[in-house]
Amino acid sequence: MRRIQSMVSTSSADFRCNEAHNRALARAFREKQEAARHLRPQRDLERLAKQGKMRPRERIEKLLDPGTPFLELSSLAANMAYGGESPSASSIVGIGVVSGREVIVRADDPTIKGGAWYPLTAKKIVRALDIAMENRLPVVHLCDSAGGFLPLQSDVFPDRHMAGRIFRNQSILSKMGVKQLALVFGHCTAGGAYIPGLSDYNVIVRGTGAVFLGGPPLVRAATGEDVTVEELGGADMHTSVSGTCDYPASSEDEAIHIGREIVAQWDRPRKWDCQREAPEDPAYDPQEIYGILPDDIKKQFDMREIIARIVDGSRFHEYQPNYGGTLVCGFANIWGFKVGVLANNGVLFNDSSLKGAHFIELCNQNNTPLVFLQNITGYMIGREYERRGITKDGAKMIMAQSCSHVPKFTIMCNGSFGAGNYGMCGRAFDGRLLLTWPNHQIGVMGGDQAANTLTEVKLNQMKRIGAEIDQGELDRVWEETRKAYQEQLSAYYSTSELWDDGIIDPVDTRNALGIAISASLNAPPGEAGYGVFRF
Amino acid sequence: MGFKVSVDGRSHDIEIVSRRPHLIVRIEGRDHEVSAAGTLDDGRQTIEISGALLHFTRAHAGDRQIVRLNGRTFETGILDPRSQAAGAGGGLDHVRAPMPGCVVCVHKRPGDQVARGETLVTIESMKLQTALLAPRDGRIAELLRQTGENFEKDEVIVRLEAAMDGD
Amino acid sequence: MTTRVDPNKAAKSPLAIPFRKVLVANRGEIACRIIRTLRELGIASVAIHHLAEVRARHARMADEAVEIFGDTPVAAHLDGEQIIEAARKSGADAIHPGYGFLSENARFAAAVAAAGLTFIGPDARTIELMGDKISARNFAQAHGVPVAPSVMPTGDMAAFIAAAETIGFPILIKAAAGGGGKGMSIVRSASELAEAARIASSEAQRYFGDGRVYAELYVERPRHVEVQILGDGEGAAIHLFERECSVQRRFQKIIEEAPAANLSSDLRDRICQSAVRLAAAARYRNAGTVEFILGADGRYFFLEMNTRLQVEHPVTEMITGLDLVRIQIEIAAGHGLPLKQEEVAAFGHAIECRICAEDPARDFMPETGKIRYLGIPEASFIRFENALDTGQKITADFDSMLGKLVVHGADRLEAISRSIAALHELAVLGVRTNIDYLAKALDYVAFRQGELHTGFVDEHSAALAPGEADAATRDAVLIAAALGFREFRDVAFGVPEPHATIGRWRN
């Protein structure tokens, strides 16, 4: 495969401008992430220390094999919710290696309101287990939670994909033969008790771990019975009397070591064969991505330049290079894994939609995972294109993509607007992983466009009722719309709501994809087949 | 997360830093690249550390490993992280009856120092005699049942004095 | 066993040996060594063993193995009656006693003969003569062999002590009936004499059943030089040169060499002639060794005569090309001396290191364990006489010697470097040994320069102590050990790709 020949001049003024802009965005992202990961009230940290507990990230570091990567997902979940009270949605989720096996690690964060589950916490945990099911990844739960965050219980408890879904997912995972281990470091109360309860293996720390459907206060209120935490649901009772817990541990360290030993007993998975070659670092420096992404979302750039800084050796076998130029399609390797890349260089036309659909079919035929690099404002609209069947062609691309049986991964590189999001494997399309860059924006349409549209609607309304044209009102509508969209378009909003699996620094994309692709191969390919293509 | 390997009684930490292109380990802040790792087997071995070949001979003896290199013989061991983390076995203060039965013979008195695994009490249950053993080193605090007395399952028969750090 | 071709011997035809079967009244490496020669001569071998050694190498090597009984394994090997009975029952014609155990027990030798079997060794009366250190000494003196000024025991301990003081200090107190360092001590002043004599006497009583001790002038920094002799029992005797055994610990030899280091040929001749004179005068039959103390001034004194094959006989074999066990059998078969004195030639230099299960760092205290790995160097110039098997338990049942590493070189320096290399290659893992200590001792400048005396080990104990391993060695050991632990290897090598290559990365 030939290397992509970069046309970017790293000394140009544009490049330098972009670089400064994107480095600042990356820096801001990392600062926000650091704060979400580590900034906690001193009082909460002291309480933890007094209880003899480790911080959740310490537990994770001890759990993971030394010298191995950890891909953390949704580190900025809930960053724009609950007044910032629940950094990372009080939960840490990631893909790591424990005793030589790829696992999902999911940890409660007792340094935030005792680890109570906010609505987005439940959503994040459900997503973690969805990922486990789709990729057949075993799960290690590090449990330490006070239970549901009661003030918001109506958003945590009742609906289909809320907390109950966690336990449903656990049961299905177990049915699938995908193992779960729970390490109980703190309280597992009420629903939370079902996490160790539904895990195939669990370990409980004596003195701090406890499992009960109702804690002592609830028991006292309900039946008048007076009982201590240890007696009600402590390690010794559950490991020797009730049999709810499997292994007692006298310290968190011991619990983690027992956990590692348990995982070491699990049989190594049979991984699906996908074509793999020796990996090669990109020929171009991934840091150059900062200079390639424009500082203005309306400015165009060539996605091939991005591809060249993500794939092995910058080698790319472009498919239909002369046709459908607004969609770049081709084969490449990422960390040695052969993948099919689809990347946007503008709006999708008929030809690029057809090319995309065809290329997706080729990848399914070839058992090649798909990587979507999104920068899409939408499909082309207008009379000529409708006559040519742009709706049909867009539908064909969506059909091919939705029905794909190979794993799909999406990186939102710059913009994801409207129907373009659909064809290019947005959230609704069950990609194994969806990550966004800090500069990314997502919405049904851009902020300016929305403001213009709503202002026009207001204007038409005024005209219709024959009122005087109030420019101030129009300006206000324009401003407010734009402001609202601005907030809700940003990657931070998207990640806060868990519309994605996390923001990452663009330079981390290659490692993230390598880990994700490797993880996805634990599940066998689905059934090949498509619905009806409207030709 | 490092490993604790003891050499002639002294414990040292050895950490895995990275694995490619070669294994790199860290000992007391010093990094070493291991480009050839030999095998687990006993006998003559050759490994390569930081580009230099190292010939040595090894023999496993139960949990210990004897390593002979540079004209010296060392006795090494690796600390099982579970037992290290488990500490002194605190919490093992109570010796409970595994099933209902009666006491046949009490072998110790309060105040006696006992070693882990020592028989404290012989009990009889379902026509079978069993020994209740000390779960750890310690001192007998109390014997709650005497010869001839009955007990239920899980009843505490012997209590040890609370283990102190370093016991 | 390396058999160097002696051009003289090759011409002669093999001698007829009337023994069809020989019982080896010993164990361990010497039993294996004797059985090896018996095999070469086509003679059947019978091994004796205590139950504790039913799977021992010597028992497996022999054509037959007979169990002997006793409260302890050592006691069984000291039960002469039982052994003779075992020989008779198995149809053996002769008994080879090896060294130690009953090899210098005159009563046993006599009983063997009385039972109609051949005792492969000297006559009982010679054993008795030389077995009593005092009578041996008197005999030597009477036949012109130099002896150290000494005082013999009388019944009167006080008189003995008074007389001992007249010799002058330092004095060596020795057991009349014993050897091997037991019942022996150096006394440097009159005030210590009484107590030392008392202790030596009680030790001698305990080990040899005979509490008589005698006192002898102690030569400072003495060298231990001994001469291998062969006698035909009719008054003829030859020597096979000398050996130096000065490097000792607890009065036991740990390094021996042939020929002695830095010995003028004149002095060598005189010492060897003294030995021959003694053997001839005693009408010695078979192989024996005359031991001398050699002082720095060149004066030498008779120490004792060992009426048996010595532990360190291989160094003599390696420089002369002779098989001493074979010669013993031939002499016992009535064939007289194998060579004329002028036919005996020596070439090169040989060193023997006694490999013992002990801890040099703790005053050479005996150690026990189990042999987990055995790695033996092989070369035409190396012999490792041993009876070791992987998995063998090293217990306190017998003495601590595990084997003998014997190395030949064209000259002393080559023998030293080859020995050091062989010691480095020799691996006996699972029990502490003195292998590394021996390598260090051989490499030490005083040894290389031949500055040997029986206080060598004590004098250089600080220099030969292992010392702290430096950080580099410690790191190497840690890495080598870690790579031998499953737990470490699992984590080090059990991580899949691409994670192993990505390494410790966090987003």
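**Entry 1: the contact between chains C and A**

I began with the contact between two chains, to which chain C gives 14 residues and chain A gives 19 residues; two residues are in contact if their C-beta atoms, placed from the backbone, lie within 7 Å. The model is predicted: local features need pLDDT of at least 70, side-chain atom pairs count only at pLDDT 80 or more, and totals for chains, interfaces and linings use all residues. Residues are numbered from 1 along each chain as its sequence is written, while chains are lettered from A and ligands numbered from 1 in the order in which they are written.

I then looked up which elements give two or more residues to the side of chain C that touches chain A, and found helix 20 (486-493) and helix 21 (499-502) of chain C. Helices (H or I, at least four residues) and strands (E, at least two) are DSSP runs, numbered from the N terminus. Helix 21 of chain C gives the largest share of this side, three residues.

**Entry 2: the sheet of four strands**

I traced an open sheet in chain C whose four strands follow the order 6-9-7-8 with antiparallel pairing; two strands pair if DSSP finds at least two bridges between them. Strand 6 (150-151) and strand 8 (185-187) of chain C stand at the edges with a single partner strand each, so one side of each has no neighbour in the sheet. Three bridges link strand 7 (residues 171-175) of chain C to strand 8 of chain C in the antiparallel sense. I noted that C:Ile173 has C:Ser185 in strand 8 of chain C as its bridge partner.

**Entry 3: the sheet of eight strands**

I followed a further open sheet of chain C, with eight strands in the order 14-13-10-11-12-15-22-20 and antiparallel pairing. Its edges are strand 14 (300-306) and strand 20 (382-386) of chain C; each has a single partner strand, so one side of each is left without a neighbour in the sheet.

Strand 10 (residues 223-232) and strand 11 (residues 237-249) of chain C run antiparallel and are joined by six bridges. I located C:Glu226 opposite C:Arg243 in strand 11 of chain C.

**Entry 4: chain C as a whole**

I counted 21 helices and 23 strands in chain C. The C-alpha trace of chain C spans about 95 × 60 × 50 Å along its principal axes. Of its 507 residues, 51% count as buried, that is, 20 or more other C-beta atoms, placed from the backbone, lie within 10 Å of the residue's own.

Key:
Buried ≥ 20, exposed ≤ 12 C-beta atoms within 10 Å, placed from the backbone.
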